[in-house]
Amino acid sequence: MPRILLIDDDEHLAAPLTTYFARFGCTLESAARPSEGLAMLRAGHYDAAILDVMLPEMDGFALCREIRKENDIPIVMLTARGEVMDRVVGLELGADDYVPKPFEPRELVARVQTILRRQRSTTPAAPTGNGAQHRVFDGLSIDLDRRQVLRHGERVELTGTEFELLALLAAEPGKVFSRDDILNRLRGHEAELYTRAVDIVVSRLRKKLEPLDCIKTLRNAGYALAVARSEPA
């Protein structure tokens, strides 16, 4: 049963959402304050977190930043009025999705289910001779089974969305994927799409892969993985 943590100080929200998530096979636990939520994340395993933007102690953006320092758990942000800037800031900080308030509980469940499916799935790899879900490039190794990325032998911590983007580009090195291609393949059709999200995730991924410069931008076309393949050691 997926275990979800909701961090929101709205006392009227947690109880009905807990009941609703249970109908879809998910356990929802809640915290009203960021400090309480951080303590719960450190004490136990959760499959995803839902953060409200407006919180006491610190806002949801600061909380997302704190979580990302030590945890790559999928994060859904609840943004007031669906402000575009809130979405952009959340994605820049490492959130995987957003849901504008007010929302229907079924929509929130669908968003969480989508990122959990994406987290569990692996992108099919081209045959390597031994059936391994493993792609190796100069300075970069991608293990699809373990969802692990190594840069010059050092592990790189990626969010679910960042990993899926890298796996997609690595499936066909050199192929240019347009923003629409990436949105359709990674975010599905249940989430509201906008092209700025792709640019943000690419920017985050590039920063984490530094000093490798392996994701190229082709103006007015999209993105491609531009790094030479090498044989697994």
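Begin by selecting Pro102, which sits in the loop between strand E5 (97–101) and helix H5 (105–120). Helices (H or I, at least four residues) and strands (E, at least two) are DSSP runs, numbered from the N terminus. The peptide bond that leads from Lys101 into Pro102 is cis, with omega near -5°.

The model is predicted, and for this reason local features need pLDDT of at least 70 and side-chain atom pairs count only at pLDDT 80 or more, while totals for chains, interfaces and linings use all residues. Residues are numbered from 1 along each chain as its sequence is written, and side-chain values use heavy atoms, with hydrogens and water left out.

**The whole chain**

Eight helices and eleven strands are assigned in the chain. Of its 233 residues, 50% count as buried; buried means under 20% relative accessible area, exposed over 50%, and partly exposed in between (1.4 Å probe, protein chains only). Among the contacts in the chain with a separation of 6 or more, 60% are accounted for by residues 24 or more positions apart, where contact means heavy atoms within 4.5 Å.

Move to Pro211, in the loop between H8 and strand E10 (215–218). Glu210 and Pro211 are joined by a cis peptide bond, with omega about 10°.

**Helices H6 and H8**

Two packed helices are described by the angle between their axes and the distance between the axes. Select helix H6 (residues 160–171) together with helix H8 (residues 196–209): their axes come within 10 Å and cross at roughly 85°. Axes here are lines fitted to C-alpha atoms, for helices over the stretch in contact, and angles run from 0 to 180 degrees between N-to-C directions. H6 and H8 are therefore roughly perpendicular to each other. The classes are set as follows: angles under 35 degrees count as roughly parallel, over 145 as roughly antiparallel, 65 to 115 as roughly perpendicular and the rest as oblique.

Show the side chains at this contact. On H6, Thr161, Glu162, Leu165 and Leu166 meet Val201, Val202, Arg204, Leu205, Lys208 and Leu209 of H8. The residues of this H6–H8 contact divide into six nonpolar, one polar and three charged. In this division Ala, Val, Leu, Ile, Met, Phe, Trp, Tyr, Cys and Pro count as nonpolar, Asp, Glu, Lys and Arg as charged, and the others, Gly among them, as polar.

**Helices H2 and H3**

Turn to helix H2 (residues 34–43) and helix H3 (residues 60–68), whose axes come within 11 Å and cross at roughly 20°. H2 and H3 are therefore roughly parallel to each other. Their crossing is right-handed; a crossing is left-handed if the near helix is turned anticlockwise from the far one by less than a right angle, and right-handed if clockwise. Pro34, Leu38 and Leu41 of H2 and Leu63, Glu66 and Ile67 of H3 make the contact. The residues of the contact of H2 with H3 comprise five nonpolar, no polar and one charged.

Select Gly44, in the loop between H2 and E3. Gly44 counts as partly exposed, at 24% relative accessibility. Its C-alpha atom is 9.9 Å from that of Arg3, a residue 41 positions away in sequence.

Continue to Glu57, in the loop between strand E3 (48–52) and H3. The phi of Glu57 is near 70°, a positive value in a residue other than glycine. Glu57 counts as partly exposed, at 46% relative accessibility.

**Asp86**

Center the view on Asp86, within helix H4 (residues 84–93). Asp86 is buried, its relative accessible area being 16%. Leaving aside residues up to four places away in sequence, Asp86 touches Phe61, Thr79 and Ala80. The C-alpha atoms of Asp86 and Val53 are separated by 8.3 Å, although these residues are 33 apart along the chain.

Arg147 lies in the loop between strand E7 (140–143) and strand E8 (148–151). Arg147 is not a glycine, yet has a positive phi of about 55°.

Go on to Leu218 in strand E10. Leu218 counts as partly exposed, at 35% relative accessibility. Excluding residues up to four places away in sequence, Leu218 touches Val176 and Ala224.

**Cysteines**

End with Cys26 and Cys64. Cys26 counts as buried at 4% relative accessibility, and Cys64 is buried with a relative accessible area of 0%. With a disulfide defined as a pair of cysteine sulfur atoms within 2.5 Å, the count comes to zero disulfides.
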